[in-house]
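Here is a short note for a colleague opening this structure for the first time. Please read the points with the model on screen.

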Amino acid sequence: MTGRRLPGVRYVDHAAYTVPDLDEAVSFFVDVLGAEELYRSKRGPDADFMPENFDVPADAQLELAMLRMPPNLNVELFQWQTADRRHEHPRHSDVGGHHLCFTVDDVDDAFEILRQIPGVRILGERKEVAGDSPAVAGNRWGYFVTPWGLLIELVDRSRVQNPPHLVGPADWTTHTEGPTSS
């Protein structure tokens, strides 16, 4: 590492995920998670631009949708077309494994709704953190998989007595300075 911090970093703008069917994924985010679709865009194929700027094959083309997840997250969904596109998802334990997490008021209520949605797979039952992690004891959580394979976690921290400081609505200010060093 260089020991130098990237200048001017202010906040996360969006998280992005590649999906097999953009319309299906947008519908799920809008209808189930309450997102708002902001816009769509297309690019490619362009044998010079796409490999240089996206690190994808020369024949690649994409369509994307930008969504707003109230109150503070933008999610960009990509649907790619290319002759050698792979279809398997990395497992959670694989390099490149990932998930998206949402805070909910009650995990049990959320899972009850998700159980009624065709193609959604809930992984196990709702879990609750016990005394083995005292800083977050009472934290209730669980994972589900969307119909196209995106792993999503739901968390309810309302029962945690003295939670560690996690960024939330009270912290939403413009970040202008980095941490000081001695």
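**A buried loop residue, the sheet and the cores**

1. N139 counts as buried, because its relative accessibility is 9% and the cut-off for buried is under 20%. Bear in mind that this is a predicted model.

2. Where does N139 sit? N139 lies in the loop between strand 6 (121-128) and strand 7 (140-145). Its contacts, leaving aside neighbours within four places in sequence, are K127, E128, V129, V155, D156, R157 and V160.

3. Eight of its nine residues are buried, so strand 4 is largely enclosed by the rest of the structure.

4. Strand 4 has strand 3 as a partner. The two pair in the antiparallel sense over nine bridges. They form a hairpin, with three residues between them. R68 stands opposite N74 in strand 4.

5. Strand 1 (residues 14-18) runs parallel to strand 4, joined by five bridges. Here A16 stands opposite E76.

6. The largest nonpolar core has 29 residues. F29, L77, F102, L114, F144 and L154 have the most contacts inside it. Helix 1 gives the most, with five.

7. Look at L77 in detail. Not counting residues up to four places away in sequence, L77 touches Y17, V19, L22, A25, V26, F29, E63, L64, A65 and L67. A second, separate core has seven residues, including V56, L62, L64 and F78.

Notes
Residues are numbered from 1 along each chain as its sequence is written. This is a predicted model: local features need pLDDT of at least 70, side-chain atom pairs count only at pLDDT 80 or more; totals for chains, interfaces and linings use all residues. Side-chain values use heavy atoms; hydrogens and water are left out. A nonpolar core is a set of buried Ala, Val, Leu, Ile, Met, Phe, Trp, Tyr and Cys residues joined through side-chain atoms within 4.5 Å. Buried means under 20% relative accessible area, exposed over 50%, partly exposed in between (1.4 Å probe, protein chains only). Helices (H or I, at least four residues) and strands (E, at least two) are DSSP runs, numbered from the N terminus. Contact means heavy atoms within 4.5 Å. Two strands pair if DSSP finds at least two bridges between them.
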